[in-house]
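Take a look at the sequence and the structure below. Then read the briefing beside them.

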Amino acid sequence: MKKEQIVDFTRRISQCNKGELIVIMYDIFFAYAEDANAAYEAKDWEAYKEALRRGQRALGELISALDFRYDLAKNLYSIYVFCRDSLAKAMYKRDIADVKDAERLMRKLYDGFVHAAKEDTSAPLMRNTQQVYAGYTYGRDDLVETCQDSDTSRGFLV
């Protein structure tokens, strides 16, 4: 994963609510799947294995976020475990087809979670974070985001 992606995910996590956090975990999974595809094409097997391991960790986070009081969680659990096992199989077989299968399944679920996250009006999970504003200025290649600190301590006083 590129440094810019890590910074973007960090910013998004600091501003998100519960529904958006699940969408971000899916995006992280897709980023690692892309890394695995790129490493496979380059025949960089160490990077390939590392990307798959990190993808499995993202799936592990999605599994741990499931609330088994709902029947849907049991179905999602089965899908997540299948995808995690597909990544493990792709790792020892060095076959990208299993990664693509897992990614295809996750993409189908992703659309539903994006729609559900739009309906989620709960408060952000993190408090006392920097407020990010975007949209008025543009950089050479992309949108420039500005963080405004109204209180530089953000609640931490020593």
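This is a predicted model: local features need pLDDT of at least 70, side-chain atom pairs count only at pLDDT 80 or more; totals for chains, interfaces and linings use all residues.

Residues are numbered from 1 along each chain as its sequence is written, and side-chain values use heavy atoms, with hydrogens and water left out.

**The whole protein**

- The protein has 5 helices and 2 strands. Helices (H or I, at least four residues) and strands (E, at least two) are DSSP runs, numbered from the N terminus.
- Along the sequence, the pattern reads α-α-α-α-α-β-β.
- Of the 158 residues, 31% are buried. Buried means under 20% relative accessible area, exposed means over 50%, and partly exposed lies in between (1.4 Å probe, protein chains only).
- The accessible surface comes to about 10,800 Å², and 52% of it belongs to carbon and sulfur atoms. These areas come from the Shrake-Rupley method with a 1.4 Å probe; for residues, only the protein chains shown count as cover.
- Take the contacts between residues at least 6 apart in sequence: 60% of them join residues at least 24 apart. Contact means heavy atoms within 4.5 Å.

**How helix pairs are described**

- Two packed helices are described by the angle between their axes and the distance between the axes.
- Axes are lines fitted to C-alpha atoms, for helices over the stretch in contact, and angles run from 0 to 180 degrees between N-to-C directions.
- Angles under 35 degrees count as roughly parallel, over 145 as roughly antiparallel, 65 to 115 as roughly perpendicular and the rest as oblique.
- A crossing is left-handed if the near helix is turned anticlockwise from the far one by less than a right angle, and right-handed if clockwise.

**Helix 2 and helix 5**

- The axes of helix 2 (residues 18-42) and helix 5 come within 10 Å and cross at roughly 160 degrees. The two helices are therefore roughly antiparallel.
- Their crossing is left-handed.
- Ala, Val, Leu, Ile, Met, Phe, Trp, Tyr, Cys and Pro count as nonpolar, Asp, Glu, Lys and Arg as charged, and the others, Gly among them, as polar.

**Helix 4 and helix 5**

- The axes of helix 4 and helix 5 come within 8 Å and cross at roughly 155 degrees. That makes helix 4 roughly antiparallel to helix 5.
- This crossing is left-handed.
- Among the residues that meet are Leu 76, Ile 79, Cys 83 and Leu 87 in helix 4, and Ala 102, Leu 105 and Leu 109 in helix 5.
- The contact holds 13 nonpolar, 1 polar and 3 charged residues.

**Helix 3 and helix 5**

- Helix 3 (residues 45-64) and helix 5 (residues 96-119) pack at about 30 degrees, with their axes 13 Å apart. They are therefore roughly parallel to each other.
- Helix 3 passes helix 5 in a left-handed crossing.
- Tyr 48, Leu 52, Leu 59 and Leu 62 in helix 3 meet Ile 96, Val 99 and Met 106 in helix 5.
- This contact has 7 nonpolar, no polar and no charged residues.

**Two buried residues**

- Phe 30 sits in helix 2. Phe 30 is buried, with a relative accessible area of 3%.
- Not counting residues up to four places away in sequence, Phe 30 touches Glu 103, Met 106, Arg 107 and Tyr 110.
- Phe 30 and Met 106 are 76 residues apart in sequence, yet 8.5 Å apart in space, C-alpha to C-alpha.
- Gln 56 is in helix 3. At 19% relative accessibility, Gln 56 counts as buried.
- Leaving aside neighbours within four places in sequence, Gln 56 is in contact with Arg 84, Leu 87, Ala 88 and Met 91.

**Two loop residues with positive phi**

- Most residues other than glycine have a negative phi.
- Lys 43 has a positive phi, near 55 degrees. Lys 43 is in the loop between helix 2 and helix 3, and is exposed at 59% relative accessible area.
- Arg 94 has a positive phi of about 55 degrees, although it is not a glycine. Arg 94 lies in the loop between helix 4 (71-93) and helix 5, and is partly exposed at 43%.
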